[in-house]
Amino acid sequence: MGAEKYIPGLGTMFNIEPSNLNLESIGQSIGVTKLSQDLSRLSSDFTRIKSGSRNGRLFTDFSKWTLWYGTVAQTTEYNLTGPSSLKLTSDAANMTVAARLRQTSLDLSKTKNMMIRFYVYDRNKLSNIELRMSSTDNMAGYLSWKTTKWKTVPGWNEVMIPLSKLTVSGTESLQNNLTTLQISITGAEVGASVAFDAIYLNKNQKGSVQFHFDDGWLTQYTKAFPIMLSKGFVGSIGVISGSVGTTGYMNLPQLRELHTYGWTIFNHTQTHKDLSTISKAQVEIELSSCRKWLEQNGFPESADLVAYPYGGHNEDVLSVMSHYRLGRSVLEEYEVCPPIQPKVLKVINIYNNTEDIIWQTAIDIAAETGCGVTLLFHKIEDTATDSISFATSKFSSVVNYVQSKIDKLDVLTFEEWAQSI
Ligand SMILES: [Zn+2]
C-alpha cells in the first residue's frame, strides 16, 4: 500500500496556519449530559440498524463458478462464505480474465440490490472488475456492472450494486430469467488478482447519509450549521486540533455548540500532515495529540474516530490505527454496514466543481439500496472562493435532496454510525 492519493476535483492543497491555541477552561458537564441524551435518543435507531445489518440472501459463494478464459482457480486463501472463493489472475496471454456460472436461474425482478464481496491482492496491478448477467448462453445481450481499481481498496471490499444502475447492452432486462453470469477482471499489468467470495441479494437495511466537514473551517459553523439545523440534521466535524481558534477556523465554543446539538467532533490530526509521508512515530503524535485535545475539551466519545488528511494512509498508519476505532479515507465508494474495512472508510467528495449529478446519485443509491454514503465537504461559502469551497446555495440543495428521501434514509453522525456497526 503506497502513498497513492486519489482526490478528484482537488486542485491545490491548502496550508494550515501555525497553531495559536489558547484553550479555554470550560466544565465538562455539558458534554456528559449531552452524551447521555444522545445515547438514549439513538438507542432505538442503533438496534434497528444493527438488526438489519447482516440481512440479505446469499445468491452465490462462487464455489461453482468455472473458468471461461485466463487463469482462474478456486481458493480458500481469502474466503469468508462457502467452501471456496474464485481467484482470477491476469497473465501475459489474458489481461482480461473471466469465469462463468451457467444454467443458473436468477429472477431479479423483485430485487433492489446486490452486494458483492471480493478481495483485491495488489491494487496497483488491477484496472477494473466487471459483472455481466444474461438470459442467453452466448451473452448476446447482458446487464453489467463495472468498477475501477480507484473505487476499490487493497484487501477486502463489499460493494453495493443498485440494480437500477446496471448498464444494458443489447436486449436484456431485469424481467428476464438470467441464466448466465460472468465475472471478469482486467489487469493494468500481469499478476493482478481478485478473489470473489460471495454475492448477496437484497441487503436489507435502511440507507444512511453522513455529512462530514473536514478541517473545522469557520464557514461550516456560520453557513452549513444553520441549514442543517433547519432540517434537524446532524453532522460531523473532522477537527485539526492545532488549528482550532485560528483565522478561518472554528473556535472551541463554536465546536461545543455544534456538539450540544448532537454533532460529532472527531480526530483529523493535530497539524494536518499527510500521514503517509511522515514517520510512524510522527503519525502516533499527530493522532494522539488530537485525541488528547478532544478528550480534554469535551469530545471524548469520538476522539478515536479518524479522518486521514488528504486521505493519506499506508501500512504504518494502519498499524497505529489499531488503537483507534474507525479511519476514513477520501476513496470514493459507498459503505455496506458493518464496514469490511473499518480503517479505510470511503466518501463522496464534494468540491467547488462537483456536478449535482454526483451527490444526487450518491443519495439515490443510499436510499435505494440501503448502503451508507458519507458526503465530504470542506468550506461552505456564499460564493465559493477556492477548489475546496462549496456554494451555500448548492449546500442547501444537497440538504433538501436528502430531506426529500428521508423516509428511506437516516442522517447519522460519524459517532452514531460507529455505534450502529
Ligand atoms: Zn483535511
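1. Let's start with Ser-144, which sits in strand β8, spanning residues 142-148. Please keep in mind as you read that this is a predicted model.

2. Is Ser-144 buried or partly exposed? Ser-144 is classed as partly exposed because it has 17 C-beta neighbours inside 10 Å, whereas a residue needs 20 or more to be called buried.

3. Which residues does Ser-144 touch, once those up to four places away in sequence are left out? Its contacts are Glu-130, Leu-131 and Arg-132, together with Leu-166, Thr-167 and Ser-169. As for Ser-134, it is ten residues from Ser-144 in sequence, and their C-alpha atoms are 8.9 Å apart.

4. Now for strand β6, which covers residues 113-120. Here eight of the eight residues are buried. If you look at one side of β6, you will find Asn-113, Met-115, Arg-117 and Tyr-119, and on the other Met-114, Ile-116, Phe-118 and Val-120. Both faces of the strand are covered.

5. Which strands pair with β6? One of them is β9 (residues 155-162), which runs antiparallel to β6 and is joined to it by eight bridges.

Definitions and conventions:
Residues are numbered from 1 along each chain as its sequence is written. This is a predicted model: local features need pLDDT of at least 70, side-chain atom pairs count only at pLDDT 80 or more; totals for chains, interfaces and linings use all residues. A residue is buried if 20 or more other C-beta atoms lie within 10 Å of its own, exposed if 12 or fewer, and partly exposed in between; C-beta atoms are placed from the backbone. Helices (H or I, at least four residues) and strands (E, at least two) are DSSP runs, numbered from the N terminus. Two strands pair if DSSP finds at least two bridges between them. Two residues are in contact if their C-beta atoms, placed from the backbone, lie within 7 Å.
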